[in-house]
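Let's take a friendly walk through a protein model together. Have the sequence and the 3D view ready, and turn the view as you read.

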Amino acid sequence: EPLDRPLDVKPGQYVFAAFHSGEAYESCNEFHPFTVRAIRDGRLTLTIKALGDCTLEMQALTRGLAAPIEGPYGAFFDTAGADVPQLWIAGGIGITPFLAQLDRLGDDVDLKMAYLFRRDADALHVDELIAAAEARPGMELATFTTATDLAPLWRWLDSIAPLAQREVYVCGPPPLLDAVVAALRARGVPLNRIHFERFDFR
């Protein structure tokens with residue numbers, strides 16, 4: 001929660017945060033980028049996955065620590081309107097911007113969403129996504145447990161018609177992103193309808 005003025009953050013944006021040391025956490029004294037997972041009443045929620053030494057140490061964060069925050073940055077969802085059919089594809093920790101955007105969208109949005117993760121233990125916030133899909137009549141959620149075999153995702157894409165008329169948002173690790181963008185282009189989705197965010201900073 002803000003100790004001074006709240007930041008004006010929109011879904012899909014990210015901030016740089018550097019947490020101060022606390023009882024169980026020794027600060028690495030570095031700013032790291034984190035996509036904002038929720039924006040509610042001036043409070044920001046971040047999901048921090050242990051992807052490197054510093055973010056591994058952050059798993060020991062305790063309540064009440066202060067952290068300077070810089071930002072916000074990015075414009076992932078700037079073109080997203082609730083009246084346009086959408087397709088969201090998230091991989092791993094790349095789910096975070098979509099969670100914030102779900103808070104902003106109405107219940108009647110035409111939304112197809114795929115969430116990919118390596119193991120069930122890596123399925124962040126999946127219960128929240130399932131609940132959102134159950135509450136929104138226009139939302140379809142497909143989950144895929146996979147490390148490298150993307151054939152089930154391609155079959156799911158082929159079941160969506162007309163695919164090329166959707167605004168597509170993709171977020172995740174670079175290899176997944178590159179494969180998905182190539183698959184979408186091969187299926188006739190114009191490049192100007194594909195919006196993506198790379199998650200590769202550790």
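A residue is called buried when its relative accessible area is under 20%, exposed when it is over 50%, and partly exposed in between, using a 1.4 Å probe and protein chains only. With this rule, is Gln 101 buried or exposed? Its relative accessibility is 0%, so Gln 101 counts as buried. Before we go on, a word on the source: this is a predicted model, in which local features need pLDDT of at least 70 and side-chain atom pairs count only at pLDDT 80 or more, while totals for chains, interfaces and linings use all residues. Residues are numbered from 1 along each chain as its sequence is written, and side-chain values use heavy atoms, leaving out hydrogens and water.

Where does Gln 101 sit? Its place is in helix 2; here helices (H or I, at least four residues) and strands (E, at least two) are DSSP runs numbered from the N terminus. Contact means heavy atoms within 4.5 Å. Not counting residues up to four places away in sequence, Gln 101 touches Pro 11, Phe 77, Ala 80 and Trp 88.

Now look at the whole of helix 2, residues 96-104. This helix is mostly covered, with seven of its nine residues buried. Besides Gln 101, the buried residues are Thr 96, Pro 97, Phe 98, Leu 99, Ala 100 and Leu 102. The cover over them includes strand 2 (32-40), strand 5 (86-91), strand 6 (111-117), helix 3 (126-135), strand 7 (139-145) and strand 8 (167-172).

Helix 3 is our next stop. Its buried residues are Val 126, Leu 129, Ala 132 and Ala 133. What covers the buried residues of helix 3 includes helix 2, strand 6 and strand 7. On the face turned away from the buried side you will find the exposed residues Asp 127 and Glu 134.

Two other helices make a pair to look at. The axes of helix 4 (residues 151-158) and helix 5 (residues 174-186) come within 11 Å and cross at roughly 35°. Axes are lines fitted to C-alpha atoms, for helices over the stretch in contact, and angles run from 0 to 180 degrees between N-to-C directions. Which residues meet in this pair? Leu 153, Trp 154 and Leu 157 of helix 4 meet Ala 179, Val 180, Ala 183 and Leu 184 of helix 5.

Next comes a sheet. Strands of a sheet pair through backbone hydrogen bonds, either parallel or antiparallel. In this model, four strands form an open sheet in the order 3-2-1-4, with antiparallel pairing; two strands pair if DSSP finds at least two bridges between them. Strand 3 (43-46) and strand 4 (69-73) stand at the edges with a single partner strand each, so one side of each has no neighbour in the sheet. On average, neighbouring strands of this sheet are turned by 45° against each other, direction ignored. Strand 1 and strand 4 are joined by three bridges in the antiparallel sense, and Tyr 14 has Tyr 73 in strand 4 as its bridge partner. Strand 4 also holds Pro 72, and the peptide bond leading from Gly 71 to Pro 72 is cis, with omega near 5°.

Gln 13 lies in the segment before strand 1 (14-17). Its relative accessibility is 12%, so Gln 13 counts as buried. The side chain of Gln 13 reaches the backbone nitrogen of Lys 10 at 2.8 Å, and a polar atom of that side chain lies 2.9 Å from the backbone oxygen of Gly 74. A polar contact is a pair of N or O atoms within 3.5 Å; within protein, one must be able to donate a hydrogen and the other to accept it, and residues adjacent in sequence count only if both atoms are side-chain atoms. Leaving aside neighbours within four places in sequence, Gln 13 is in contact with residues including Asp 8, Thr 35 and Pro 72.

Finally, visit a loop. Asn 29 lies between strand 1 and strand 2 and has a positive phi of about 55° although it is not a glycine. At 67% relative accessibility, Asn 29 counts as exposed.
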